[in-house]
Number of protein chains: 2
Amino acid sequence: MSQHDKFMQRCLDIASNGLGTTYPNPLVGSVIVGENGDILGEGFHYKSGQPHAEVNAIKDAEQRGWNDSAFAKATLYVNLEPCSHHGKTPPCADLIVRKGFNKVVVGTLDPHKKVAGRGVQLLRDSNIEVITDVLVEECNQLNKRFFTYHKNHRPFIVLKWAQTADGFIAPVKRDKREPVWITNKYSRQLVHKLRAQEQSILVGTNTLVADNPSLTVRDWSGINPTRIVLDAKGNLDVHSNIYNKEAPTINIDPSNGFENIIKSLYEHQLQSVIIEGGRKTLDLFIENDCWDEIHQFMGAKIYFKEGISAPIIPKNAIMKSRQLIKDDVYKIFSRS
Amino acid sequence: MSQHDKFMQRCLDIASNGLGTTYPNPLVGSVIVGENGDILGEGFHYKSGQPHAEVNAIKDAEQRGWNDSAFAKATLYVNLEPCSHHGKTPPCADLIVRKGFNKVVVGTLDPHKKVAGRGVQLLRDSNIEVITDVLVEECNQLNKRFFTYHKNHRPFIVLKWAQTADGFIAPVKRDKREPVWITNKYSRQLVHKLRAQEQSILVGTNTLVADNPSLTVRDWSGINPTRIVLDAKGNLDVHSNIYNKEAPTINIDPSNGFENIIKSLYEHQLQSVIIEGGRKTLDLFIENDCWDEIHQFMGAKIYFKEGISAPIIPKNAIMKSRQLIKDDVYKIFSRS
């Protein structure tokens with residue numbers, strides 16, 4: 001494994017600390033490596049409006065006593081092209097030039113139309129050696145939400161459901177208007193972690209009526225995703241949990257067609273959405289072949305015998321991982 | 001999920017940041033939760049000799065402007081019993097009393113003979129309400145190495161190998177004295193990450209002669225594990241890579257029996273060991289039913305047709321996870 005790969009992997013690792021808090025910004029990590037191959041400083045972007053990764057890495061290195069003369073012989077690694085425009089913070093490319101760096105290694109270009117190669121160009125115009133496209137697949141994977149949104153003009157779509165050992169996601173009869181638990185509390189905590197990672201969460205009307213879910217992050221530390229209800233009739237109970245004050249809630253009318261749902265999600269600037277059911281809503285996305293990942297939980301010792309069947313895993317899905325969570329089985333599929 | 005479970009899980013999450021650098025100390029995280037349920041401060045133990053988790057959490061809370069009057073109404077969470085003895089740092093239990101806490105939630109007691117209930121007793125003697133045994137299984141899992149060492153008087157033992165799709169770990173013939181790669185560079189980087197997590201790494205003489213491995217962490221950031229060779233004859237080539245200066249190397253004579261190997265590892269105060277082969281050495285631990293985890297990598301498109309067969313997964317092993325790493329399959333087994 002090359003040095004470039006190794007330090008780029010370090011950028012990706014520390015960048016992932018910002019998952020769930022950087023929206024609408026991407027996940028970015030930066031590492032400054034001295035002439036002897038030692039790390040002089042590192043930093044990542046934690047939250048929109050706060051300093052970018054490169055700024056934090058330079059600050060970290062300076063706090064450790066390094067100055068511009070060390071930077072002249074160092075290499076700055078960053079997994080996404082440094083910005084060249086004034087957003088909430090000044091351009092990072094300018095800072096890198098000013099701090100005297102002669103060499104910068106960039107994972108991938110920024111697909112955002114305000115950057116898109118301009119950051120790299122600005123560095124090269126200042127006679128900085130710039131190497132690009134290092135660990136491209138890994139960089140794309142880390143920022144799959146950001147890239148999907150800007151390249152495909154739709155959010156990254158995660159389908160999630162829990163099913164019994166005999167393949168049901170809900171029983172026929174229920175006593176109360178609340179969820180019927182299929183998985184254990186550790187799986188449910190993991191679901192809350194997943195929610196905290198995505199920018200929005202979506203359910204259909206039937207699930208809203210049957211389960212009265214809150215769709216918030218309670219058993220994990222993180223920001224509540226924006227809640228979305230696919231509601232054709234517009235006559236939902238406003239006293240449902242989903243309309244409490246814990247997070248914003250958006251109604252989208254699905255009767256105008258699937259394309260319209262996708263367009264609406266894009267226009268609300270949502271980079272990712274986790275879809276938690278029910279069967280009809282999950283099938284809508286599967287039938288339109290419009291999904292990126294499927295997260296399937298199975299209560300391996302729970303049997304309903306009858307009920308609402310789980311969706312069928314599509315043929316173009318490939319199992320990426322399978323994990324035991326005590327008695328539950330948790331599988332992640334992506335597109336083959 | 002209860003509040004206690006939730007904040008204990010947070011302790012475990014941040015504690016895991018110290019994996020590989022805290023030896024001989026355990027992984028500990030601490031969270032201070034205010035009367036409104038907000039986190040006032042948090043911290044974890046990063047390295048032996050540096051402050052314990054509780055000290056870092058209190059310091060963090062104080063830097064955020066909280067003082068003893070806030071602590072009096074707050075709850076301090078910590079996944080392992082606070083220490084009551086003077087080690088490299090003063091006792092944390094004393095500090096907790098001095099800072100005015102009235103409530104402490106502890107994951108599990110510390111099995112170390114110098115603590116073992118004394119920390120909790122010291123707190124209770126100062127009229128602090130102490131709740132213990134929260135998320136016990138998860139606390140034990142996080143510190144599986146520390147607990148195995150202190151309770152079973154042996155290191156936590158991880159068996160690791162890579163095999164071809166047709167089940168071989170090495171070819172019949174080889175041209176050079178170096179490893180023959182079965183898996184891709186991403187799996188190999190992951191192996192270096194695994195090495196950085198364990199305190200020691202062990203191979204048999206045959207692997208040393210055939211592969212001339214370095215057994216160091218090159219493609220990851222971390223401390224090189226102590227290297228161990230099972231060597232009966234004591235006439236190994238001192239110019240082998242395993243004797244370079246990058247990490248300490250210990251020779252253990254296996255001819256005195258298996259019990260003696262285990263005893264020697266314990267006496268060297270090694271809390272964990274990853275065993276990387278070859279077949280004879282891996283089988284030695286399987287036959288003695290003395291292992292805790294098996295990490296099996298498979299190059300799913302590599303066929304040798306003949307060679308040295310991979311060990312057989314024991315019947316009392318249960319697959320905990322299976323993951324694709326590009327073309328490779330990576331499975332983790334634990335004891336059923």
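Is Lys326(B) buried, exposed or partly exposed? With a relative accessibility of 32%, Lys326(B) counts as partly exposed, because that value falls between the 20% and 50% cut-offs. Keep in mind that this is a predicted model.

## Two copies and one axis

Let's start with the overall arrangement. Turn chain A by 180 degrees, with a shift of 0.0 Å along the axis, and it can be laid on chain B with an RMSD of 0.0 Å. The two copies are therefore related as by a two-fold rotation axis. As for the contact surface, the same one serves both copies: 100% of the contact residues of chain A recur in chain B.

Which residue of chain A comes closest to the rotation axis? That's Arg322(A), whose C-alpha is 2.5 Å from the axis.

## Where the chains meet

Now for the interface itself. On the chain A side, 24 residues are in contact with 24 residues of chain B. Putting the two chains together buries about 2,200 Å², and carbon and sulfur atoms give 50% of that area. Looking at chain A, the residues that lose the most area to chain B are Met1(A), Arg322(A) and Leu324(A), which together make up 25% of what that side buries.

Eleven residue pairs are in polar contact across the interface, counting pairs with both residues at pLDDT 80 or more. Which parts of chain A supply at least two residues each to the side that touches chain B? They are helix 1 (3-15), helix 6 (136-142), helix 8 (185-197) and strand 14 (317-325). Strand 14 of chain A gives the most, with seven residues.

## Salt bridges between the chains

Over all chains, the count comes to 32 salt bridges. Between chain A and chain B, the count is six. Here's where Lys326(B) returns. Glu137(A) forms a salt bridge with Lys326(B), and their closest N and O atoms are 2.6 Å apart. Glu137(A) lies in helix 6 of chain A, while Lys326(B) lies in the loop between strand 14 (317-325) and strand 15 (328-335) of chain B, so the pair joins two chains. Glu137(A) is exposed, with a relative accessible area of 51%.

Lys326(B) also meets Glu138(A) in a salt bridge, at 3.7 Å from N to O. Glu137(A), Glu138(A) and Lys326(B) are linked in a network of salt bridges.

The side chains of Glu137(B) and Lys326(A) meet in a salt bridge at 2.6 Å, N to O. This pair crosses between chains, from helix 6 (residues 136-142) of chain B to the loop between strand 14 and strand 15 of chain A. Lys326(A) counts as partly exposed, at 32% relative accessibility.

## A salt bridge inside one helix

Here's one that stays within chain B. Lys263(B) forms a salt bridge with Glu267(B), with the closest N and O atoms 4.0 Å apart. Both residues lie in helix 10 (residues 258-267) of chain B, four residues apart, which is about one turn of the helix. Glu267(B) is exposed, with a relative accessible area of 52%.

## The annotated binding site

Finally, a look at the record. The unreviewed UniProt entry has a "binding site" annotation that covers Leu215(A), Arg218(A) and Glu276(A). Leu215(A) lies in the loop between helix 9 (205-211) and strand 9 (226-230) of chain A, and counts as buried at 3% relative accessibility. Not counting residues up to four places away in sequence, Leu215(A) touches several residues, including Arg195(A), Ile242(A) and Glu276(A).

Where does Glu276(A) sit? Look in the loop between strand 11 (272-275) and helix 11 (279-287) of chain A. Glu276(A) is buried, with a relative accessible area of 14%. Leaving out residues up to four places away in sequence, the residues Glu276(A) touches include Lys160(A), Val191(A), Arg195(A) and Leu215(A). A polar contact of 2.9 Å joins the side chains of Glu276(A) and Arg195(A).

Technical notes: Residues numbered from 1 in each chain as written. Chains lettered and ligands numbered in written order. Predicted model: local features only at pLDDT ≥ 70, side-chain atom pairs only at ≥ 80, totals over all residues. Heavy atoms only, no water. Least-squares fit on C-alpha atoms with pLDDT ≥ 70 in both. Contact = heavy atoms within 4.5 Å. UniProt positions renumbered as here; feature names shortened; annotations may be inferred. Buried < 20%, exposed > 50% of the residue type's maximum accessible area, 1.4 Å probe, protein only. Polar contact = N/O pair within 3.5 Å; in protein donor to acceptor, adjacent residues only side chain to side chain. Buried area = accessible area lost by both parts, 1.4 Å probe.
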